[in-house]
Amino acid sequence: MATAAAPTQLEAELYYLIARFLQSGPCKKSAQVLVEELEEHQLIPRRLDWQGKEHRRSFEDLVAVNAHIPPDYLLRICERLGPLLDKEIPQSVLGVQTLLGVGRQSLLRAAKDFRHTLWKGSAFAALHRGRPPELPVNYGKPPNVVNIISARQLTGCGRFSHLFPTSTYQHMKMHKRILGHLSSVYCIAFDRSGRRIFTGSDDCLVKIWATDDGRLLSTLRGHSAEISDMAVNYENTLLAAGSCDKVVRVWCLRTCAPVAVLQGHSASITSIQFSPARKGTTRYLTSTGADGTICFWQWHANTMKFKDRPVKFAERSRPGVQISCSSFSSGGMFIATGSTDHVIRIYYLGSESPEKMAELESHTDKVVAVQFCNNGDSLRFVSGSRDGTARIWHYQQQDWKSVVLDMATKMTGNNVASGEDKVTKLKVTMVAWDRYDATVITAVNNFLLKVWNSSTGQLLHSLSGHDDEVFVLEAHPFDQRIVLSAGHDGNIFVWDIDKGTKIRNYFNMIEGQGHGAVFDCKFSPDGQHFACTDSHGHLLLFGFGCNKYYEKIPDQMFFHTDYRPLIRDANNYVLDEQTQQAPHLMPPPFLVDVDGNPHPTRFQRLVPGRENCKDEQLIPQLGYVANGDGEVVEQVIGQQTNDQDESILDGMIRELQREQDLRLINEGETLPSPPLNRSHSVNGALRSPGLDVASPPNVGLRRSGQIEGVRQMHHNAPRSQMATERDLMAWSRRVVVNELPPGISKVQEECRAAKGEIEISLYTVEKKRKPSHTLQRNDYQPGSGRSLRRNQRKRQHAYQTRSTIEHSQQGASQNACARGESDSSSEEDETVGTSDASMDDPVAAWQSESSSSDSSSEYSDWTADAGINLQPPKRQTRQAARKICSSSEDENMKGTKGLEPKRRKLKQPRKKKPSGLLSMEGEPSEEWLAPQWILDTIPRRSPFVPQMGDEIIYFRQGHEAYVRAVRKAKIYSINMQKQPWNKMELREQEFVKTVGIKYEVGPPTLCCLKLAFLDPITGKMTGESFSIKR
């Protein structure tokens, strides 16, 4: 019998790897037979001695020599082959990993196998089950649009992806970058028509721009601090802006007149949302704040009048808690909020008044982003947290269940992606849905974007390209393939999330200043434009087509009245200090650059109301005057300081507007223009009125120079005369933002109403279904939201947050009631479901929120973004409230008789409290005083006083002994069923980290800890936790 040919080195090593793989699996007998045959046929690689002679060796010797080769080495090689080959020659069906593929799925495929054949026109006209065919992934260039349209004419249908391939978005370009603010711009929004853009900046201004040509149309003044968020209502009639000055301002978009100044928060506004829901003519505007409260402001759709008192929920489980984000469902019946105490709260608007329906405590760090899905066919939203996870929540069987998206997940078989290990702790910075809710996109602090299947939670793509953190994710309004991302690196990317590829990249490079971080970005409703704002005060406009209309506007656009000082009345409405007029009633201003220099006449006609003015009337007169140092300087006439004479600049504006108004009244009849009084102008030569004054080529913020900037223009501008009634009538006719056409508005409203009804029906159906009882290891992580209407009054601790509902007083006759309640406990508010009242006095409101309850103090050493609170709140003597005053307008008409039953009902829980709470003098009795261990200010070895972030070792045996001792001595009651060893499998020792601390006022005073499990190898939190009380 002929002997077999000697195997090559590669074949011999493959035999060895196969044997090792079989040994590590269930086929150990097969492995033993294979090893015997390898030794029998001498297929084991020979060894060489120092003289180069070959010697036979056994299989065991080969294993010992190759100790660095693990048993699953062959499997790892196979897992790596597919992704590596995909980078060179992509397979036809991406994401499928198989060793048995054929053709374009084979691991032996070559580039020639991917040469596609161009389809003929008849191929596009073929239908498969009534639908046009889908192009292969490797088809190459987009198909000819003529073939697509011809096929559509023949069949009556076509694919959007054929007619509008993603490569079309490569033709979007930057039309214009405009400097319009003196500080960073964090907020941008389109109106509902897409014809107007709103920007809100840290310079306290909100500006309105035209989308089609970039004109600056109006400036909304009134805020005294940075703009934090903006929202446009669905009827396109109102704009609301929240600010760090704790105030929400609402303007009429048609006239820019202030509609409401809403003061219900005691800290900065963090988010603003108009509710899509409708209830007759009732609408809601919601605002969340850094004070841990959410306010529901009710307004009338026809009159646009807001109620003074909101329905307010105070969600302060501890000092420093902030509600950081919010999102409405597409039908407006639900709103979800995320806060710094790791809790997601969901409110329901389907009943008579808003009510809280659930609190979800699965995250172990701050919740920084929440977003409801775009369609109303399911109750789903996604949340992102700094704990390195995002969760897709779905309401089912009376419960909010979640699918966890772990940011540490990597694409199967891929190497560590670029930037994957740049940070030690992964955090989610932003979340978004695609247009049709098939995928969820998350931005991670390692600069990657991850695309997930929204149903299964599978990672589909990992998108790299950014060099800094990404805080902007914007889905296309109707194309589910397109997502926009922008970050602090100045990059703006357009992505195809179906293929996981980059379509277009823009870099915000500012001449002489480096790159500008992009802070916000939005698509227009028609998808033809998108606009961005950056850290240097710029507005960036992008879109299809040419930019010839944008070439007609200057690079710097300010009104000369933008930064004039304001005076405020008792209700926080504002007037211009110099003219004593409301800002929206002032004459059309001049257009100036960042230095305050007026733009040439061709630019002045861009200002609404100045389109038809003559050249000599469009530019303020410039003259030369001597300053105090004897130097001759150029100065705008209207900016001279003269206490006795009026401003020529403002007078000119007023005369021009009056002249134009007279022409309109006389229906085009020519009237002699009144001569402009220039007798008070300057002591020197006047410059020619028609001469264009060119602005210096400044590209960024100006902070020094001989000419005062636009921010300082008000220092030299004198007071102007009051406008006449005719002036006010003319200016009030200006339309800045048009309402939506009635037909479109009606259709959209009916669509939102239908979505709301679907959401109510889904909620009702799932609420009736029997809940599934699944045991979970983590007490605080059932993706389960508790039904607060049933459990709110029974809860005591376990780190549950309380909804401190504030009650306030109305009417001068109830002022004494307000003073009597200033020291009362907020515990009584817990027994009331909702209240549409806020405290008249913000200080009293703060005291009411921070007052401690009888069962637990509000103090925690948990540090929040607002700062570190190291001083516990002062104890307040609890007194029974004399009267609960409602803010409802209907209740104001009722006498005190209507309040008596409510007062008695609220007092009932007081009867259950121990009688020994207070001594006769009103001070706490001795047994209620805090123990010495909690009062210590000097660190000691024992007893251990926990702090947030402590990494400790938990001993189960010691905890069990402690519980037995407490039960034996009957110090306090213990529920054995709630002990951690009865709810999960605990080892004798566990590495844990303190993530929550709560003190339960005694006697005895107890410390409640929430302990998160740590991985003993990596030291990172596993996402599971339990609680103990000691």
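**Lys207 and its surroundings**

Guide: In this predicted model, a polar atom of the Lys207 side chain lies 2.6 Å from the backbone oxygen of Gly180.

Visitor: Why is Lys207 called buried?
Guide: Buried means under 20% relative accessible area. Lys207 has 0% relative accessibility, so it counts as buried.

Visitor: Where is Lys207 found, and what does it touch?
Guide: Lys207 is in strand S6, which covers residues 206-210. Leaving aside residues up to four places away in sequence, Lys207 touches several residues, including Gly180, His181, Phe198, Met557 and Asp562.

Visitor: Which residues have the most contacts inside the largest nonpolar core?
Guide: That core has 20 residues, and those with the most contacts inside it include Phe334, Phe381, Trp400 and Tyr763. Among the elements that give two or more residues to this core are strand S17 (334-339) and strand S22 (389-396).

Visitor: What does Phe381 touch?
Guide: Not counting residues up to four places away in sequence, its contacts include Ala336, Ile346, Leu360, Trp393, Trp400 and Trp433. Apart from this core lies another, of 18 residues, among them Phe198, Val206, Leu217 and Ile227.

Visitor: Why are Cys521 and Cys532 called buried?
Guide: The limit is again under 20%. Cys521 has 1% relative accessibility, so it counts as buried. Cys532 also has 1%, so it counts as buried too.

Visitor: How many disulfides does the structure hold?
Guide: It holds 0 disulfides.

Visitor: What makes S13 and S14 a pair of strands?
Guide: Two strands pair if there are at least two bridges between them. Strand S13 (residues 282-289) and strand S14 (residues 293-300) have 7 bridges, so they pair, and they do so in the antiparallel sense. Within this pairing, Arg283 stands opposite Trp299 in S14.

Visitor: Why are S12 and S15 called edge strands?
Guide: The open sheet has 4 strands in the order S12-S13-S14-S15, with antiparallel pairing. Strand S12 (269-274) and strand S15 (311-314) are its edge strands, as each pairs on one side only. From one strand to the next, the twist averages 15 degrees.

How values were computed:
Residues numbered from 1 in each chain as written. Predicted model: local features only at pLDDT ≥ 70, side-chain atom pairs only at ≥ 80, totals over all residues. Heavy atoms only, no water. Core = buried A, V, L, I, M, F, W, Y, C linked by side-chain atoms within 4.5 Å. Buried < 20%, exposed > 50% of the residue type's maximum accessible area, 1.4 Å probe, protein only. Contact = heavy atoms within 4.5 Å. Polar contact = N/O pair within 3.5 Å; in protein donor to acceptor, adjacent residues only side chain to side chain. Disulfide = S-S within 2.5 Å. Axes fitted to C-alpha atoms, helices over the stretch in contact; angles between N-to-C directions.
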